[in-house]
Amino acid sequence: MTSILGIIGYPIGHSISAAFQQAGLDACGIDATYSAWEVPPSQIPVFIRDLRRPDVLGINVTVPHKEAVIPHLDEVDDWATEAGAVNTIVHRQGRLTGHNTDGYGFLRALREARGFSPQGRRALVLGAGGSARAVVLALVRDGVGRLAIANRTPERAKALAKLSERRGVTSLAISLTGPEIAAEAGLADLIVNCTSLGMFHGPGEESTPLSSQQIPAAALVYDLVYNPAETPLLREAARSGARTLGGLYMLVYQGAAAFEMWTGQPAPVDVMLQSAEKAMAARRAS
Ligand SMILES: NC(=O)c1ccc[n+]([C@@H]2O[C@H](COP(=O)([O-])OP(=O)(O)OC[C@H]3O[C@@H](n4cnc5c(N)ncnc54)[C@H](OP(=O)(O)O)[C@@H]3O)[C@@H](O)[C@H]2O)c1
């Protein structure tokens with residue numbers, strides 16, 4: 001029996017998960033198909049109920065369904081509970097468990113692609129939306145020394161800083177455009193962009209939250225945006241001599257964690273990464 005996997009979102013046309021997940025399944029000789037389904041919010045209850053079919057291994061969940069699926073699941077793990085969002089559902093014998101692999105994917109990319117450990121280091125997180133929450137919680141779990149969170153809407157940065165303070169990490173909330181950002185960037189070992197600035201076809205496609213003069217050469221600059229591969233922020237970082245990491249690694253590593261839960265096999269990360277890069281190149285060319 002061919003097993004069923006896939007991703008739901010609304011819309012779903014932007015997703016490249018089907019390309020790299022199917023490449024991973026094929027490379028491992030697993031008899032499964034991974035599809036992309038556009039599911040309107042009104043159809044979520046029925047869609048999730050039907051995942052209990054014996055041939056379904058699970059699904060990924062993307063915007064705008066990450067919170068809406070939760071009441072329809074039998075269980076939700078600690079990462080997803082903390083994040084308040086589910087990006088992976090695993091089906092086993094009629095039971096559906098919700099997971100959130102974004103934080104794990106973020107940390108694994110940091111470690112494996114750049115050999116960076118957040119333990120005791122200073123981090124500046126730009127943004128305070130859903131991905132920033134996953135990143136902040138992951139950094140806190142991994143023992144980050146000190147956090148500064150900068151956001152356009154300062155109230156959201158304050159709420160996130162409070163969350164990490166409650167978990168014992170000294171945290172400062174600042175404005176993305178205020179005068180403190182230069183000083184915080186200057187002190188950071190790690191700078192992570194979790195805003196949508198620089199995203200292809202986004203509202204600030206050509207914008208960067210920091211200039212090369214504000215980025216220390218010793219820092220690692222990690223942009224969660226993966227389209228384009230070289231964002232305006234990563235260009236500024238390279239100009240300052242800093243090391244850089246693009247968001248495609250996190251995308252693939254969060255998918256690899258889901259792959260491992262569904263199949264019980266190690267994910268062929270290199271194959272998945274190559275196929276993700278190919279899918280992005282094809283998007284850009286079309
Ligand atoms: N690589 C990966 O695996 C991965 C995973 C998740 C997300 N991402 C990427 O990360 C980015 C953010 O995703 P998200 O899910 O966190 O989105 P979100 O929850 O909507 O949050 C968006 C963030 O961007 C800020 N922002 C939006 N437009 C802005 C502008 N014009 N100027 C300044 N700040 C602006 C928002 O600030 P306000 O609070 O002021 O609105 C907020 O902090 C997206 O580009 C997404 O593709 C990548």
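**Close-up 1. The shell around the ligand, by residue class.** In this predicted model, the shell around the ligand consists of ten nonpolar, nine polar and two charged residues, where Ala, Val, Leu, Ile, Met, Phe, Trp, Tyr, Cys and Pro count as nonpolar, Asp, Glu, Lys and Arg as charged, and the others, Gly among them, as polar. In total 21 residues surround the ligand, and the closest are Gly130, Ser131, Asn151, Thr153 and Arg156; a residue is taken as near if one of its heavy atoms lies within 4 Å of the molecule. Residues are numbered from 1 along each chain as its sequence is written, and side-chain values use heavy atoms, with hydrogens and water left out. Local features need pLDDT of at least 70 and side-chain atom pairs count only at pLDDT 80 or more, whereas totals for chains, interfaces and linings use all residues.

Close-up 2. A polar backbone atom of glycine 130 lies 2.9 Å from an oxygen atom of the ligand, while a polar backbone atom of leucine 224 is 2.9 Å from a ligand nitrogen atom; a polar contact is a pair of N or O atoms within 3.5 Å. Glycine 247 likewise places a backbone N or O atom 2.9 Å from a nitrogen atom of the ligand. The protein buries 77% of the 920 Å² that the ligand exposes when taken alone, with accessible areas from the Shrake-Rupley method and a 1.4 Å probe. The elements that give two or more residues to the shell are α5 (130–141) and α9 (248–263), helices (H or I, at least four residues) and strands (E, at least two) being DSSP runs numbered from the N terminus.

**Close-up 3. The packing of α4 against α9.** Helix α4 (residues 102–114) packs on α9 at an angle of about 115°, with the axes 7 Å apart; axes are lines fitted to C-alpha atoms, for helices over the stretch in contact, and angles run from 0 to 180 degrees between N-to-C directions. The contact (heavy atoms within 4.5 Å) involves residues including Tyr104, Phe106 and Arg108 of α4 and Tyr249, Met250 and Glu260 of α9. By class, this contact of α4 with α9 has nine nonpolar, two polar and four charged residues.

**Close-up 4. The approach of α1 to α10.** The axes of helix α1 (residues 17–27) and helix α10 (residues 269–285) come within 8 Å and cross at roughly 145°. Among the residues that meet here are Phe20, Gln21 and Gly24 in α1, with Val271, Met272 and Ser275 in α10. The contact of α1 with α10 divides into eight nonpolar, three polar and no charged residues.

Close-up 5. Tyrosine 10 and proline 11 are joined by a cis peptide bond with omega about 5°, and proline 11 is found in the loop between β1 (3–9) and α1. The peptide bond from asparagine 227 to proline 228 is also cis, with omega near 15°, and proline 228 sits in the loop between β11 (220–223) and α8 (232–240). Glutamine 93, in the loop between β5 (88–92) and β6 (95–99), has phi near 50°, a positive value in a residue other than glycine.

Definitions and conventions
A polar contact is a pair of N or O atoms within 3.5 Å; within protein, one must be able to donate a hydrogen and the other to accept it, and residues adjacent in sequence count only if both atoms are side-chain atoms.
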